[in-house]
Amino acid sequence: MGSIEEVASLVERGRSKKVPAAVTAAIESGCDPAEILQKGMIDTMGIVGEKFKNNEIFVPEMLVAAKAMKAGVEVLKPYLASGAAGKYGKVIIATVAGDLHDIGKNLVAMMIESAGFTVIDLGVDVPNDKIIEACEENPDVKIVALSALLTTTMPSLRDAVAAVNGAPFRSNIKVMVGGAPITQEFADEIGADGYSEDAASAAVLAKKLVGAE
Ligand code: B1M
């Protein structure tokens, strides 16, 4: 019998090799894939973050937990994605310069893709000129989606949005931002078109920004 608790425990302890089988077992036992993601993985990363903050664990433990979660998400992907083709156009997504966190960005990418967009993922620690270059190479891009997970990379997010806002193609695209320290107020202040708190609402926002909802 698989369970969400087993998935959570393995993710927290960074057992990458065991997580995929535990996720499969949980699904086979009837657990809801969305709940496995939220309770078994996202909430667990919250616990990992708290332990790090309290000096109970250190960067290597955070890293292995992140790897374990990624291994689990791979198994969940087909259950969470709707399979809708890219009918709403292209989205460029990136984690901003100086920031290496990508789990949240990857979930946002997955949800946006599954909502019917084609996602071009530039990865983590992406300099502004690379974002601009990607927009120029894809003149039909509809949205630039930027993620920042650290209070220390909020200025990078501000700079990245400023770079896009100053580009000649600005009127053709929308800019959306998110990440744990980001708020609607900050998004407004830096001149983004939209902010969302989590991956599910990011997909709703993306559709709204292109007038599809
Ligand atoms: Co780092 N880290 N980390 N870390 N890490 C946090 C973010 C932290 C909160 C932990 C803590 O202290 N409690 C803290 C930041 C504190 C702060 O800024 N105030 C922190 C720190 C300090 C650091 C380092 C500085 C540690 C060090 O070296 N001393 C360092 C910085 C490295 C760098 O980026 N330059 C660092 C490194 C790392 C690892 C590399 C080890 C690893 C990341 C591995 C990876 O991503 N591949 C890591 C991890 C795993 C975490 C925690 C534990 C988990 C992050 C995560 O994946 N969460 C994190 C603690 C926490 O989050 N509670 C922490 C799960 C994920 C699903 O949530 O990313 O928030 P999240 O994404 C959500 C929403 O934010 C939103 O939707 C997502 C899904 O619902 N969202 C968007 C995200 N992007 C969006 C974009 C959108 C819309 C919504 O539109 C475009």
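Where does Arg-170 lie? Arg-170 is in the loop between helix H7 (154–165) and strand E4 (174–178); helices (H or I, at least four residues) and strands (E, at least two) are DSSP runs, numbered from the N terminus. The model is predicted, so local features need pLDDT of at least 70 and side-chain atom pairs count only at pLDDT 80 or more, while totals for chains, interfaces and linings use all residues. Residues are numbered from 1 along each chain as its sequence is written, and side-chain values use heavy atoms, leaving out hydrogens and water.

Arg-170 has a relative accessible area of 16% and is therefore buried (under 20%; exposed is over 50% and partly exposed in between, with a 1.4 Å probe and protein chains only). Its side chain makes a polar contact of 2.5 Å with the side chain of Asn-165 (a pair of N or O atoms within 3.5 Å; within protein, one must be able to donate a hydrogen and the other to accept it, and residues adjacent in sequence count only if both atoms are side-chain atoms). A polar atom of the Arg-170 side chain also lies 2.8 Å from the backbone oxygen of Ile-173.

Another loop, between strand E1 (90–95) and helix H5 (103–114), holds His-101. NE2 of His-101 is the single protein donor to the cobalt atom of the ligand, 2.2 Å away (donors are N, O and S atoms within 2.8 Å of the metal, or 3.2 Å for Na, K and Ca; water is not among the atoms, so sites may look incomplete).

Among the buried residues of H5 are Ile-103, Leu-107 and Met-110. After H5 comes Gly-116, with a positive phi near 120 degrees.
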